[in-house]
Amino acid sequence: MTPLGEARAFVLGACTPLAPRRLPLAEALGCVAVEPLVAEELIPPFANTAVDGFAVRAADTAGATPTTPVRFSVIGTIAAGMAPTLEPGPGEAVRIMTGAPVPATADAVVMVEDSRPVAGSGDEIDLLAEVPAGRHVRPAGDDLRPGDAVFPAGDVLSAGHLGVLATLGRADVVVVPPVRVGVLSTGDELVDAGVDLQPGQIRDSNRRTLLALVTQAGAEAVDLGRIPDDEAAITAAIERGATECDALVTSGGVSMGDFDFVKVVLDRLGDMRWMQVAIKPAKPLAFGTVPGPDGRRVPVFGLPGNPVSSVVSFELFARPGLRRMMGHGDGALDRSRVQAVADDGLPRHPDGKTHFARVVCHYGDDRRFHVRSAGGQGSHHVSALVGANALAELPDGPGVEPGGLVDVLLTE
Ligand code: AMP
Ligand code: MG
């Protein structure tokens, strides 16, 4: 058996980042930036008010309190989006709205809450608070100035990153693009929804799950369909996939059965390594590359057919490999790992393998993570995939006693 770490290192070694591309911001969420972002403008571009209120000369508010208000004449209004053409003189105020430019002759803003209309007067206001110069004024360049480093190359673009890019007027950004991942399932027994099952048939569940996992990994999922256990059909599907996609994920047909033609086809087309990884579930793994257009090598993840095995195999090998192809660093390849208390224990038998149990994980009132089994742990038990939000990693041995600690990968 191949140790898990060795299998993983082998996979990652063949997954290299795609060529960078310029993408519109709308398509860049979650992508890795290839260039640092340096500010080229002042942000904010002009001094503006942080509150709704009255722009004044701060010195004119000296001594203002609710009982000793200072009266100002209001010379006009500046809303957000207007140019600051008004210039209040001594004893004058400009009614101003949050985000509007502060007039050049004003140096502070008094909040609306600290003002009182003067009865019967349309253009006078009593201000009830003394303000120092600068109060409620956000100066130009307060946030960013030309030349400021905003984020480095290698950052994963979050919602916040996209907002800063938009603030600086960028419409696009150079990133490692999402990998296009073709997903196909194989098996003569498989049918889709909408038809009655004939004897011996089951429904294809892996393709739906794997397409979703590809999407969740930040990649672009391409449905290559359900392929019968037929050498010519599998060859055609893999050749088409290698032409249209950057990577392929197959399920089924990689075990020792007589009709496991995926194995035959990949051996003929590609440079594959067949592994029996020291894990349960998901022991069989085929990984390698097939030739794509322009001399490119297209990584192929040949996952086992059992539904739970295909999910675990995807999590441990395909997800990190695909994320490496999308430029993610070592720290961002895998799901987050936490330590949790196995409330009811997670027993297992020693067999030389690391076991991955489907578990439900929650953060308790005691501020620790807790896990319990999500249900049947057989590799065909799809029902436990529904409740599970984590995989508990059980090293070889007798498992975890009730109340013992276990490492958990948070998959949701
Ligand atoms: P295989 O890896 O092809 O030997 O399949 C192992 C087991 O997984 C068999 O019980 C298959 O029927 C089942 N299986 C294979 N592919 C799928 C699929 N796409 N959806 C659901 N079950 C599958
Ligand atoms: Mg099969």
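Predicted model: local features only at pLDDT ≥ 70, side-chain atom pairs only at ≥ 80, totals over all residues.
Reader: What makes G253 a polar contact of ligand 1?

Author: The cut-off is a pair of N or O atoms within 3.5 Å. A polar backbone atom of G253 is 2.9 Å from an oxygen atom of ligand 1. That pair therefore counts as a polar contact.

Reader: Which backbone distances do G305 and N306 show?

Author: For G305, a backbone N or O atom lies 3.0 Å from an oxygen atom of the ligand. For N306, a polar backbone atom is 3.1 Å from an oxygen atom of ligand 1. The limit is 3.5 Å, so both pairs qualify.

Reader: How much of ligand 1 does the protein bury?

Author: Taken alone, ligand 1 exposes 480 Å². The protein buries 78% of that.

Reader: Which elements give two or more residues to the shell around ligand 1?

Author: They are strand 14 (180-186) and strand 16 (202-203). The shell counts 17 residues around the ligand. E189, D204, S205, G253 and G305 come nearest.

Reader: What makes up that shell, by class?

Author: Ten residues are polar, four are charged and three are nonpolar.

Reader: Where does ligand 1 sit?

Author: The ligand takes the space of the largest pocket. To sit there, more than half of its atoms must lie within 2 Å of the pocket's grid points.

Reader: How do you know that there is space in the largest pocket?

Author: Rolling a probe the size of a water molecule over the atoms shows where empty space is left. Here the largest pocket holds about 310 Å³ of space. It is lined by 18 residues, and T186, E189, L190, I202 and G305 are the closest to its centre. By class, the lining has nine polar, five charged and four nonpolar residues.

Reader: Why is the bond between I43 and P44 worth a mention?

Author: Most peptide bonds are trans. I43 and P44 are joined by a cis bond, with omega about -5°. P44 is in the loop between strand 3 (37-38) and strand 4 (48-49).

Reader: Which bond involving P281 is cis?

Author: The bond joining K280 and P281 is cis, with omega about 0°. P281 lies in the loop between strand 20 (279-280) and strand 21 (284-291).

Reader: What makes H136 stand out?

Author: Most residues other than glycine have a negative phi. H136 is not a glycine, yet its phi is positive, about 65°. H136 is found in the loop between strand 10 (124-127) and strand 11 (137-138).

How values were computed:
Residues numbered from 1 in each chain as written. Chains lettered and ligands numbered in written order. Heavy atoms only, no water. Near = heavy atom within 4 Å. Polar contact = N/O pair within 3.5 Å; in protein donor to acceptor, adjacent residues only side chain to side chain. Areas by Shrake-Rupley, 256 points an atom, 1.4 Å probe, with all protein chains shown as cover. 1 Å grid on protein atoms, 1.4 Å probe; cavity = no way out; pocket = protein on both sides within 12 Å on 5 of 7 lines; lining within 4 Å. Helix = DSSP H or I, 4+ residues; strand = E, 2+ residues; numbered from the N terminus. Nonpolar A, V, L, I, M, F, W, Y, C, P; charged D, E, K, R; others polar. Points joined across faces, edges and corners; volume = space filled by probe spheres on them.
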